[in-house]
Amino acid sequence: MLRLKSVEELKKLREEAQRDMTVRAKTGTRIVIGMGTCGIAAGARETMHAILAELERLDIEAHVETVGCIGMCDKEPLVDIEQAGMPRVSYAGVTTDRVPHLLEEHLVKGSLVQEWAVGWLDSQPA
Amino acid sequence: MRELSLHLLDLMENAVEAGATRLDVTIEESQSADSLTLEVRDNGRGMPPELARSAMDPFVTTRKTRHLGMGLALTNQAALRCDGRLELTSQVGQGTAVRATFRHGHIDRAPLGDVVGALLAILLSQRPVDLVYRHRVEDRCFALDTREVRQLLGPVPLTHPLAREWLVATLREGETELRLGMDDPSGSSTTHRDPLPKGAVSAPHGARAEVITPC
């Protein structure tokens, strides 16, 4: 289904991506967004767009992933941020307007946004 | 939900939760036939007949964290409101197929909305799934099969920032090309407008346009 130019693009992309994958696994940032019915209804898809746009603006490369509902439906949109060697922090009520402040504080300044955090998990040993 | 694409995302999320590894997702729009159809077929664990029968009941769910399951109930309601229906067929161990139909021109039909965002949310799922996507608008079609993309990417996951950017660009381009030259580029009735990104409609026939195939 994919025609020639797309194939070429993807081959090039693979080479480029593979080069930095080892580095990324050790130092990488992972952002996980709840995308169950509750998350979707609370605007999680828009939150995802806002996070992607903000990452681009801040020039931060991060893996962004989605998961189903974890049961705190009234706290959606829920967003977890995990950086290598740091605890995984869950933030509640991450609507689009909160995304710039959240990423600026957590990813750029490296400080927890206490008032939105609902919990954290210690980082898994590598 | 404000957009049909949010229902679509919800149906796809159900499939992922059901342990599916492959999703066949089809959108068919036809103003001439006055119909709009969303279909999600998965190879997940499927449902026994009694559960399949009650799946549209908002007080039925397989989840243990709470006792409500709103997704299918909401989509069913949205379809019924637009002279359409929701059909669900499921077989244990084989998978589930959900098909929601809407009357295209019905005043209550929500716009399709941000399909690219909905697809992206599933492609970025923590549980990797293959997506075989087809979007037909009258006699035009845009298709994307992530099995081909994965094969070319090898060990690079779709969640990799570079892969993600490629997916967004490819989907945007494909969806835009579908509507080029149409009177109603949003595919909605005159009362609705889809929030297509500005400038997207005039996107040049770039490298990714080749993914559009007659299908």
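1. Basis. The model is predicted; local features need pLDDT of at least 70, side-chain atom pairs count only at pLDDT 80 or more, and totals for chains, interfaces and linings use all residues. Residues are numbered from 1 along each chain as its sequence is written, with chains lettered from A and ligands numbered from 1 in the order in which they are written.

2. Interface. 39 residues of chain B are in contact with 34 residues of chain A (C-beta atoms, placed from the backbone, within 7 Å). On the chain B side, α1 (4-17), α4 (115-123), β6 (140-145), α5 (146-153) and α6 (161-179) each give two or more residues. α1(B) gives the most, with six. Helices (H or I, at least four residues) and strands (E, at least two) are DSSP runs, numbered from the N terminus.

3. Helix α4(B). Nine of its nine residues are buried (20 or more other C-beta atoms within 10 Å of a residue's own, placed from the backbone). Among them are V115(B), G117(B), L120(B) and L123(B). The buried residues pack against α3 (44-58) and β2 (63-67) of chain A. In chain B, their partners are α1, β5 (130-137), α5 and α6.

4. Sheet in chain A. Five strands form an open, mixed sheet in the order β2-β1-β3-β4-β5. Strands pair if DSSP finds at least two bridges between them. β2 and β5 (117-121) of chain A are the edge strands, each pairing on one side only.

5. One pairing. β3 (79-83) and β4 (88-91) of chain A pair antiparallel over three bridges. I81(A) has V89(A) of β4(A) as its bridge partner.

Conventions. Two residues are in contact if their C-beta atoms, placed from the backbone, lie within 7 Å. A residue is buried if 20 or more other C-beta atoms lie within 10 Å of its own, exposed if 12 or fewer, and partly exposed in between; C-beta atoms are placed from the backbone.
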